[in-house]
Amino acid sequence: MRYTGPKVRLSRRAGVPLTRKAVRYFEQRPYPPGEHGRKTNRRSTGDYGLRLMEKQKLRWYYDVSERQLRRYWDLAVRRSGASGAELVALLESRLASLVLRAGFAPSIYAARQYVNHGHIAVDGRKVDIPSYLVKPGQVITVRERSRRMQPFVAAAEGVHADERTAPYLSVDHAELRFTLTQRPEREQIAIPVDEQLVVEFYSR
């Protein structure tokens, strides 16, 4: 089941800001949420707790359910590369993840919503499944009827874009179009998660 409560709360539980918006809030309250948050000692967490938290951070960062993450793990272990790297690459290849990474949305939650509401097309065809796995060479665009909406006007101006475009994307913000030029590699993906601990969690 996906978490639908306050998103900043997840960052405080994880111990790292998981979204851009959370950075400012996390600096003000860098301790876990709740009545006893200030007294919580993250360093006292045991091995299992550390591995569990890394798995949760990965889930929250990509906004996937426990069942979805387990399915991606099962796919990752069947691939020839390192399981942790393969898992992150799969999550990064999701349509919602790439819409965020291309700078078309301010957060993964907004990116998921844009896809769900039918604003995004892949190779000219509407795709409303956030978990759709994009293949290298596919072109993602904002549909013509959605381009005048305020969020996409802002995206066309580069408001949500990162300082550096991900090396596996070719992005044209003005045209609200991007292409996945190559399969994302783990070293190209900047996420605040140690995937080796996630591997150890699932391998226990």
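Start by selecting Tyr62: this residue is buried, with a relative accessible area of 2%. Buried means under 20% relative accessible area, exposed over 50%, and partly exposed in between, using a 1.4 Å probe and protein chains only. This is a predicted model, in which local features need pLDDT of at least 70, side-chain atom pairs count only at pLDDT 80 or more, and totals for chains, interfaces and linings use all residues. Residues are numbered from 1 along each chain as its sequence is written, and side-chain values use heavy atoms, with hydrogens and water left out.

**Stop 1: around Tyr62**

Tyr62 sits in helix H3. Helices (H or I, at least four residues) and strands (E, at least two) are DSSP runs, numbered from the N terminus. Now show the neighbours of Tyr62. Leaving aside residues up to four places away in sequence, Tyr62 touches Val88, Leu91, Glu92, Arg94, Ser97, Arg101, Ile108, Ile189 and Ile191. A contact here means heavy atoms within 4.5 Å.

**Stop 2: helix H4**

Select residues 66-77, which form helix H4. The expected span is 1.5 Å times one less than the number of residues. Look down the axis of H4.

**Stop 3**

Move to the strands. Five of them form an open, antiparallel sheet in the order S2-S1-S3-S5-S4. S2 (125-126) and S4 (169-172) stand at the edges with a single partner strand each, so one side of each has no neighbour in the sheet. Strands pair if DSSP finds at least two bridges between them. Zoom in on S1 (residues 120-122): two bridges join S1 to S2. Ala121 has Lys126 in S2 as its bridge partner.

**Stop 3: the whole protein**

Zoom out. The protein has nine helices and five strands. Along the sequence they follow the pattern α-α-α-α-α-α-α-β-β-β-α-β-β-α. Of the 204 residues, 46% are buried.
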